[in-house]
Amino acid sequence: MSTDALPEATPATPFRRLGLVGTGAMGRGIAQLAAQAGLEVSLHDARTGAVDEARDFIAGVWSRGVAKGRLSEDDLARYRARLHEAADLADLAGCDVVVEAIVENLEAKQDLFARLEAILSDDAVLATNTSSLPVTAIASACRVPQRVIGFHFFNPVPLMKIVEVIPGLRTSADVVGRIEALGQAMGHFTARATDTPGFLVNHAGRAFGTEALRILGESVTDHATIDRILVDQGGFRMGPFSLLDLTGLDVSHAVMESIYHQYYEEARFRPSPLTRSRLAAGLLGRKSGEGFYRYEEGKAVVEDEPPLPAASPVPVWISPEDPEAVQALSALVAAAGWSLDRGERPGAESLCLLTPLGEDATQVALRQGLEARRCVAVDMLAGLDRRRSLMTTPATEVRYRDAAWALLGHDGTPVSPLHDSNGFVLQRVVASIVNVGAEIAQQGVATPDTLDRAVELGLGYPRGPLAMGDHFGSRRILTILDNLFAATRDPRYRPSPWLRRRAALGLPLATTEPT
């Protein structure tokens with residue numbers, strides 16, 4: 001048959017027999033879900049005994065489900081009967097879809113698909129679980145590239161309810177539709193993305209770790225404080241350094257470098273020398289017993305936060321630039337029983353509280369003509385509920401820093417003191433996440449709704465990047481980025497046109513243009 005077209009098929013036609021090559025953690029999870037979805041599953045692995053190990057492992061998962069009342073004995077028997085061993089690749093001949101979950105190596109995947117093409121019928125689909133290799137490049141070695149598609153799951157497969165569906169440049173629409181239907185039958189949200197570096201989820205996740213590493217590299221604060229701020233103030237499930245330790249720097253740093261270079265050194269994805277040096281030292285994270293944290297019996301050793309300093313109340317003057325911040329901080333001062341300086345200019349001994357967006361405390365103090373020795377900046381992006389962040393200028397006197405620290409923590413809410421930084425911690429990381437997400441939407445990697453849902457499911461963020469921008473205010477996010485870029489001239493902070501246009505028009509960031 002011609003290599004330029006696949007036989008016509010109905011998109012709704014379900015797959016009946018799935019071949020799985022590679023029975024490691026990812027392959028086992030895919031096989032489990034496929035069997036539960038009613039497919040006959042043929043398992044192949046080059047290592048002797050690997051298929052038996054995989055079937056026993058999957059059966060153990062189902063047996064625990066029976067013990068917990070989630071499955072019946074009949075379910076267990078049906079599912080187990082759907083798992084078959086394919087001792088040789090040739091035993092996959094009857095499969096109408098084969099998913100590979102082998103080593104992340106382009107030549108290995110190309111070679112496997114070329115061998116499978118000699119075995120399978122021409123209307124069988126070849127799906128790759130690659131997390132970083134171009135689907136189009138894998139398909140380029142195939143006689144029928146139209147049948148090759150990315151089908152990228154996340155570990156652990158049964159619990160991470162998302163799979164990326166990535167058509168290559170020549171993948172047929174029929175194959176896309178059938179693979180999306182398969183992912184949905186397996187109980188997952190199918191996130192269609194274009195064949196770009198990092199696809200969707202790994203692409204969208206670049207800002208969280210890289211910006212946190214940049215903050216750490218600037219000695220704004222320590223890694224544990226950054227984690228605390230992003231968990232408490234940002235609502236993230238895990239801080240970036242806890243996540244890097246969990247994933248392992250041998251994996252994380254390689255992904256950071258890969259996506260950075262695949263995007264031809266795009267500044268938004270720039271890795272950090274901090275991870276490179278730790279990787280060289282063997283400080284990989286949990287798996288090596290030490291990464292950014294040290295681990296004892298599997299638990300991170302984290303130093304206690306510094307105690308609240310003892311400080312006598314002083315008059316408090318609040319910069320009038322942000323009326324909402326003035327209202328919130330005035331209420332805090334009143335609740336603490338401290339005196340509020342209501343003058344247009346601060347009194348001679350007043351603590352001056354500043355509320356910058358993307359600026360540092362030094363620049364705001366100079367711009368407003370204030371004495372830097374009495375100035376302390378407070379991050380008001382997320383309000384004052386779960387944690388409060390303050391930062392000082394290099395000239396701020398200790399007594400004023402301690403006064404602000406004591407005031408902000410008077411009610412028991414934890415306080416994180418920082419060195420001067422454009423944008424604090426939360427502002428920089430959130431603005432970077434939103435900006436990368438906006439650029440993904442601008443490039444058409446995925447639809448805005450798909451982007452937000454995929455990030456929530458795949459990364460565990462409290463909101464997708466576009467919804468996050470709307471939550472904190474797209475104009476505030478744009479101001480943060482503009483001020484960061486003006487201060488640093490680093491192109492990593494240049495705002496995406498998608499963000500700039502919608503913020504200027506007051507539109508939700510998920511707004512698309514008419515077609």
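Start at the second largest pocket of this predicted model. Its volume is about 550 Å³.

Select Gln 32, Gln 36, Val 61, Pro 158 and Leu 159. Of the 23 residues lining this pocket, these lie closest to its centre.

Which elements give two or more residues to the lining? They are helix H1, residues 25-36, and helix H2, residues 50-67. Colour the two helices separately. H1 supplies the largest share of the lining, with six residues.

Now zoom out and switch to cartoon. The protein has 20 helices and 16 strands. Turn the view along the principal axes: the C-alpha atoms fill a box of roughly 85 × 55 × 45 Å.

Next, colour by burial. How many of the 515 residues count as buried? The share is 54%, where buried means under 20% relative accessible area.

Then show contacts. Take the pairs at least 6 apart in sequence. Of these contacts, 71% join residues at least 24 apart.

The accessible area of the protein comes to about 21,700 Å². Carbon and sulfur atoms account for 52% of that area.

Last stop: charge. The protein has 52 positive and 64 negative side chains. Where do the centres of the two sets lie? They are 2 Å apart.

Notes: Residues numbered from 1 in each chain as written. Predicted model: local features only at pLDDT ≥ 70, side-chain atom pairs only at ≥ 80, totals over all residues. Heavy atoms only, no water. Helix = DSSP H or I, 4+ residues; strand = E, 2+ residues; numbered from the N terminus. Buried < 20%, exposed > 50% of the residue type's maximum accessible area, 1.4 Å probe, protein only. Contact = heavy atoms within 4.5 Å. Areas by Shrake-Rupley, 256 points an atom, 1.4 Å probe, with all protein chains shown as cover. Lys, Arg positive; Asp, Glu negative; His and termini not counted. Charge placed at Lys NZ, Arg CZ, Asp CG, Glu CD. 1 Å grid on protein atoms, 1.4 Å probe; cavity = no way out; pocket = protein on both sides within 12 Å on 5 of 7 lines; lining within 4 Å. Points joined across faces, edges and corners; volume = space filled by probe spheres on them.
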